[in-house]
Each structure stands twice: as structure tokens, then as C-alpha cells.
Amino acid sequence: MTHRQILEALSGLLLVLFVAMISGTIVSVALPQIIGSLNGNQSQYTWVVTASLLASTASTPIWGKLADLFDKKLLLQISIVIFMVSSLACGFAQNTGQLIAFRAIQGLGMGALQILTQVVIAAMISPKERGRYNGYLGAVMAVATVAGPLLGGLIADTSWLGWRWCFFIAVPFTIAAFALLAKTLHVQSVRRADVSIDYWGAGLIAAGVSVLLIWVTFVDNSFAWLSWQTLAMVGGGVLLLALATFVETKVREPVVPLHVIKRRDPALAILASLAVGMAMFGGAVFLGQYFQIGRGYGPTAAGLLTIPMMAGVLFSSTISGRMVSKSGKTKPYILAGLVVLLAGFAGLATIDHETSLVLVSIYMLLVGVGVGMSMQNLVLVIQNTVPLREIGAASGAITFFRSLGGTVGVSVLGAVLANRVATNIAEGLAKAGVPMTGDGAAAGGSLNIASMPEPLRAIVRAAYGDATGHIFMVSVGIALVGLIAAFFLKPAKLRDSLDLPTPPVKDEAPAPA
């Protein structure tokens with residue numbers, strides 16, 4: 001393909017990648033309004049995010065393997081249709097149960113688009129030429145990260161649009177991308193004969209994690225910690241994950257390559273990345289809720305208030321990336337980033353419904369800087385410690401666990417927040433002399449703040465504002481685990497060669513005369 005042909009096809013790929021990435025961030029700020037209008041509760045708020053993350057995480061490696069078996073262009077077109085139809089269905093959802101189900105299907109499309117665009121680019125452009133086009137990918141990711149919350153808030157605040165257009169907006173862009181790629185994308189598909197797809201491994205991991213996350217959602221609410229439900233769900237989840245581990249030791253091309261992650265540095269980098277993913281995704285999801293429900297701001301204002309964290313991620317990742325390339329050392333920047341991340345979460349753990357927004361912005365900036373300095377450098381650590389033939393498996397493993405960490409983080413922090421909010425509301429109603437019945441009982445679970453009477457609304461806002469600081473106490477502990485893991489990484493310089501040096505072959509001793 002000529003440079004012009006590549007740019008024409010790349011424009012369609014970047015457009016669909018942008019829509020897939022922004023579909024995750026555009027909902028974050030609008031979600032309080034979405035769940036409120038559908039009369040949902042805090043647990044359902046969490047699962048709207050968790051469902052798409054879990055489906056995307058589990059399906060991404062399978063889509064990558066399918067690209068080695070079938071026509072890449074056809075697979076990309078199928079994934080665009082899945083994403084477009086599921087986005088349309090999300091926009092027409094009439095209750096939170098439907099929305100969660102459609103978001104899970106949308107997660108399948110999101111995972112497919114994110115991996116298949118990279119696979120198609122790799123098949124379309126030679127490694128030597130690929131570097132000149134990588135800047136476009138970075139720009140799309142940066143714009144999607146920053147613009148998503150702002151666009152979502154603006155759409156939710158516009159009366160003649162409403163929150164449903166946070167999902168509908170993807171449809172015209174995906175139709176345009178589909179038409180553009182149908183005309184411009186010409187990529188040769190070479191079917192690998194030795195491809196093995198680990199359906200069982202991905203399915204068992206997703207099932208095991210799902211069971212445990214469902215238990216986290218309902219424990220201490222629908223049933224007690226010590227109960228037969230706890231025993232069944234925890235035991236079942238652990239058994240499924242144990243079976244997944246067994247399967248991963250037997251299949252030829254596992255989703256999680258155990259021979260890579262059992263080594264010291266890759267294992268520590270994955271553990272640190274898991275902690276960063278849990279802290280980052282969890283924090284980002286619930287800060288938008290804090291600004292709207294806990295502080296009373298509209299979706300647009302909430303999107304603007306999250307800018308410090310997004311800006312911190314963008315600038316720190318760019319600057320630290322250049323410094324790492326110059327020095328060849330990653331560990332000092334990872335440690336510094338995780339210390340800053342820990343400080344940011346420690347600050348956010350002190351916030352309540354009256355904390356100065358200047359302080360909240362500073363704490364968010366610290367969290368963003370910490371994530372930016374540590375996340376990509378942890379990928380470099382694992383890529384630097386494995387041979388060239390294992391870079392794909394190692395990179396896929398750390399991405400898989402970071403996404404899995406985000407899924408677990410959102411679910412765990414959401415469960416903690418729901419329990420804490422219910423306690424705070426009960427205490428607030430007791431102080432006000434209102435019995436926990438009728439509207440008060442409904443307020444413990446509902447996010448439809450607009451329908452509540454003013455005295456009750458003030459109690460609920462204070463409950464959410466104060467409970468948000470509580471969940472960041474959990475994030476402090478998670479970030480501390482990541483810092484400890486990074487501390488034990490071996491100090492090493494990034495290698496200049498593409499592959500690890502081959503160990504010298506020892507000369508055999510001469511045979512006796």
C-alpha cells in the first residue's frame with residue numbers, strides 16, 4: 001500500500017478505535033444521571049461498568065487469536081457491527097438489568113476493536129515504517145481519555161439530547177468507519193496453521209472472577225459473611241480459577257502464559273500493574289459520582305473537574321517516557337510514580353462532602369501523575385525481561401491483568417461504597433429524627449436524587465460525599481501492594497537489542513589423546 005492508501009485506511013481504523021475507547025470514558029460522568037433516571041441502585045451502578053470491562057478483558061485475547069485464523073478485515077467488520085448494535089441497544093435500555101446485559105455485549109465489541117485495529121495495522125505496515133504512524137495512535141488515545149468525560153457530561157446536560165445519546169453517538173461514527181474501511185482497507189490475511197485458541201481458559205477465568213465479583217456485590221447485604229451463600233460462591237469461584245490454572249498448564253497457547261508470569265520480574269510487574277489497574281479504574285469511576293451526587297454538580301461540571309487527573313496521566317507518561325528512553329532505567333520512575341499515586345490516594349481518603357475543590361484537584365493530579373509514571377513503564381519492565389518470541393504473550397498478560405485489576409477494583413470499591421452509603425444514610429436519618437422507612441429506605445439504594453424531598457436529598461448527598469473518602473482508604477492499601485511489588489524489581493537497564501542476547505556456548509573439553 002502507498003502512503004496515501006495507508007492514511008486512508010488508517011483514518012477508518014483510528015475512527016473506530018476512538019469510538020471504542022471513548023465509549024468507556026463517555027459514560028463515566030453521565031452514569032449517575034443514567035442510573036438515577038432508570039431508578040437503579042449503587043450495586044447496579046457498579047455492574048454497568050464491570051460488565052463491559054469483564055467482557056472486554058476476557059474476549060480480547062480470543063479476538064487476537066481469531067485474527068490469525070480468519071480474514072482480518074471481515075473480523076473487524078463483524079466487531080464494528082457488534083459494537084454498533086449493542087450501543088444502540090444500550091441507548092434504548094428501559095431498566096438497569098437491560099443496560100448491564102447490553103453493556104456486556106458492548107464490551108465484547110470494545111475488546112475486539114481495540115485488539116483488531118492493532119493487528120490490522122501490524123499486518124498493513126512493516127515494523128520499520130510502523131513507528132511513523134504510532135503517533136496517530138497515541139493522539140487518538142489521549143483525546144479519547146480527556147474528551148470522553150467532557151463530552152459525556154455535555155450530552156447528559158443538553159436537554160434536547162439526554163444521556164441516551166452517550167450511546168447513540170457511537171452509531172453514526174461506526175457506520176462511517178465501516179463504509180470507509182470497506183472501501184480503503186486492503187490487507188492480506190495469511191492463516192496460521194498452528195493457531196490454538198484457549199476458549200476454556202478465557203471462559204473459566206471470566207466465570208471464576210464473575211462469581212467472586214457477584215459475591216462481593218451482595219455479601220453483608222443480601223446475606224451474611226458466614227453463610228452457605230458465601231461458602232458456595234467463594235468456593236465455586238476459587239474452584240473455577242483453579243481449573244483455569246490447570247487448563248493454562250495444558251493448552252499450547254494459553255490466555256495467561258504461566259511460564260512467563262512465574263518468573264520473578266514479570267510476576268512482580270504484573271502484580272504492580274494489577275494494583276495500578278484496580279486503583280486507577282476504581283478511582284476514575286467513582287470520582288464522577290462524587291462530584292455529582294456528593295457535591296451537587298451537573299455532568300458537564302463533573303467532567304471538567306476530572307481534568308486534573310487526566311492531564312496528570314498524559315503529561316507524566318510523556319515526560320517519564322522520554323526520561324526512561326534517555327537513561328535506560330525504569331525502576332526509579334516506577335517507584336516514584338507509585339509513591340506519588342499513594343500520596344494522591346491518601347489525600348483523597350480524607351475528602352468529604354465539604355472538602356475544598358482545590359485540595360481535591362491536587363489529590364487527583366497526584367493520582368494521574370502516579371498512574372502515568374508507572375503504568376507504561378511496568379510494560380517496559382516485562383518486555384525487557386523476556387525474549388523477542390515471548391513479547392506478545394508477556395505484553396498480553398500484563399494488559400490482561402491490568403484490565404482484570406480494573407474490573408475487580410470497580411466491583412470491590414463499589415461494594416464498599418454501597419455499604420458505607422447505607423450506613424451513613426441510616427445515621428443521617430437517625431440524627432434528623434426520621435425513621436428508616438418509606439422514602440428513607442428507598443434512598444439507601446436509589447440514585448434518583450432529583451425525586452427526593454430536599455431534607456432527604458441533603459442527607460443522601462452528604463452520605464455519598466463522606467463515603468467516597470472511605471473507598472480511597474481501600475485504594476491506599478491496593479497502591480501499597482503495588483509499591484512493595486515494584487520495590488523488589490531487579491534494577492536493570494533497558495536493552496538496546498530487539499532480542500535477549502544468546503548465551504555463549506561453552507567449548508567442549510578436548511578428548512584425551
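The protein chain has 18 helices and zero strands, in a model that is predicted. Of its 513 residues, 50% count as buried. Among contacts in the chain with a separation of 6 or more, 83% join residues 24 or more positions apart.

**Nonpolar cores**

- The largest nonpolar core holds 125 residues, and Ile 34, Leu 76 and Leu 348 touch the most other members.
- Helix H1 (residues 3-37) supplies the largest share of this core, with 17 residues.
- Leaving aside residues up to four places away in sequence, Leu 76 touches Leu 13, Leu 113, Leu 116, Thr 117, Val 120, Leu 181 and Leu 185.
- Another core, of six residues, lies apart from the largest one and includes Trp 215, Val 216, Phe 223 and Ala 415.

**Second largest pocket**

- The volume of the second largest pocket is about 380 Å³.
- This pocket is lined by 18 residues, of which Val 209, Leu 241, Leu 274, Phe 401 and Leu 404 are the closest to its centre.
- Two or more lining residues come from each of helix H8 (199-218), helix H9 (228-250), helix H10 (258-261), helix H11 (264-294) and helix H16 (391-431).
- H16 gives the largest share of the pocket lining, five residues.
- By residue class, the lining of the second largest pocket has 15 nonpolar, two polar and one charged.

**Cavities**

- The whole structure contains two cavities of 30 Å³ or more.
- The second largest cavity has a volume of about 30 Å³.
- Its lining consists of Leu 54, Thr 57, Ala 58, Ile 205, Ala 206, Phe 400 and Leu 404.
- Helix H2 (42-66), H8 and H16 each give two or more residues to the lining of the second largest cavity, and H2 gives the most, with three.
- Six of the residues lining the second largest cavity are nonpolar, one is polar and none is charged.

**Cysteines**

- No disulfides are found in a search of the whole structure.
- Cys 90 has a relative accessible area of 0% and therefore counts as buried, the cut-off being under 20%.
- Cys 166 is also buried, because its relative accessible area is 4%.

Definitions and conventions: Residues numbered from 1 in each chain as written. Predicted model: local features only at pLDDT ≥ 70, side-chain atom pairs only at ≥ 80, totals over all residues. Heavy atoms only, no water. Disulfide = S-S within 2.5 Å. Buried < 20%, exposed > 50% of the residue type's maximum accessible area, 1.4 Å probe, protein only. 1 Å grid on protein atoms, 1.4 Å probe; cavity = no way out; pocket = protein on both sides within 12 Å on 5 of 7 lines; lining within 4 Å. Points joined across faces, edges and corners; volume = space filled by probe spheres on them. Helix = DSSP H or I, 4+ residues; strand = E, 2+ residues; numbered from the N terminus. Nonpolar A, V, L, I, M, F, W, Y, C, P; charged D, E, K, R; others polar. Core = buried A, V, L, I, M, F, W, Y, C linked by side-chain atoms within 4.5 Å. Contact = heavy atoms within 4.5 Å.
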